[in-house]
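Subject: Structure for you to look at

Hello,

Here is the structure I promised to pass on. Please open it and keep it in view while you read my notes below.

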Amino acid sequence: MRLATVADVPEVAAMIRSRSTWLEERSLPSRHDSADNLAAQAENSHGGMWVLENDESHIVGCTTVQEETPPWGWTPAELAEPAHYLFTTVTDPAYRAHKPGTLIALWAVDHAAREGKRWVRRGCMFSGLVGYYRTQGFTLLHEVQRTHNRVYLMARRAERIAELESNIQRS
């Protein structure tokens, strides 16, 4: 895992399009129309988007880490706790067998613990992702109606994950 740079935008956009095509082939909602906008998160010079690379330095996943939890949907007590908030987590479907989404989630939990955060939070707009994120140890805490979308808000306690040391390099 490493911070994304502006040079990563084309490869991240291509990966998002690949995932979108995979989703569309299964009649699932996709992010095809917003691939370029989502990939542009890599341009943030202050950090935010992280990319997962394989051994050949090919980007196989990404997630954006925000230092603050969005204020809607969370209680004041939850908002007062130190947390990272994940969004725009996307993986290349060609690498599904390697479970890059789970690896990114575990990295995020470990990364948050290393930075003194108590929680890793995430939101998703697709109910099908709730079950998937539960397999990664996240718990559904809130459901919020936002304009046109229902948003599922989830969290997992930050913790060090020792087995990541041999599976992932940090930049």
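The largest pocket is lined by 23 residues. Arg19, Trp22, Leu23, Leu129 and Tyr132 lie nearest its centre. Keep in mind that this is a predicted model. The volume of the largest pocket is about 690 Å³. Which elements supply the lining? At least two residues each come from α1, β4, α4 and α5. The largest share is from α1, with five residues.

Next, the sheet. Strands of a sheet pair through backbone hydrogen bonds, either parallel or antiparallel.

Start at the β1 end. Two bridges join β1 and β2, and the sense is antiparallel. Arginine 2 has valine 51 in β2 as its bridge partner.

Now look at β2 itself. Leucine 3 stands opposite tryptophan 50 in β2. Tryptophan 50 also stands opposite threonine 63 in β3. β2 and β3 run antiparallel, joined by five bridges. They form a hairpin with five residues between the strands. In that hairpin, serine 57 takes a positive phi near 65 degrees. Is β2 mostly covered or mostly exposed? It is mostly covered, as four of its five residues are buried.

Then turn to α4. This helix covers residues 100-114, which makes 15 residues. From its first C-alpha to its last it reaches 21 Å, close to the 21 Å expected at 1.5 Å a residue. The buried residues of α4 are Pro100, Gly101, Ile104, Ala105, Trp107, Ala108, Val109, Asp110, His111 and Ala112. An α-helix has 3.6 residues a turn, so residues three or four places apart point the same way. What covers the buried residues of α4? The cover includes the strands β2 (49-53), β3 (59-66), β4 (83-91), β5 (119-124) and β7 (149-157). Helix α5 (127-134) is part of the cover too. Just after α4, glycine 116 takes a positive phi of about 80 degrees.

Why does alanine 112 count as buried? Its relative accessible area is 0%, and buried means under 20%, so alanine 112 qualifies. Which residues does alanine 112 touch, not counting those up to four places away in sequence? They are His84, Lys117, Trp119, Val120 and Ala158. Histidine 84 is 28 residues from alanine 112 along the chain. Their C-alpha atoms are separated by 6.3 Å.

Best wishes

Technical notes
Residues are numbered from 1 along each chain as its sequence is written. This is a predicted model: local features need pLDDT of at least 70, side-chain atom pairs count only at pLDDT 80 or more; totals for chains, interfaces and linings use all residues. Side-chain values use heavy atoms; hydrogens and water are left out. The expected span of a helix is 1.5 Å times one less than its number of residues. Buried means under 20% relative accessible area, exposed over 50%, partly exposed in between (1.4 Å probe, protein chains only). Contact means heavy atoms within 4.5 Å. Two strands pair if DSSP finds at least two bridges between them. On a 1 Å grid over the protein atoms alone, a cavity is a set of points where a 1.4 Å probe fits but cannot get out, and a pocket is an open set with protein on both sides within 12 Å along at least five of seven lines; lining residues have an atom within 4 Å of a point. Grid points are joined across faces, edges and corners, and a volume is the space filled by probe spheres set on the points.
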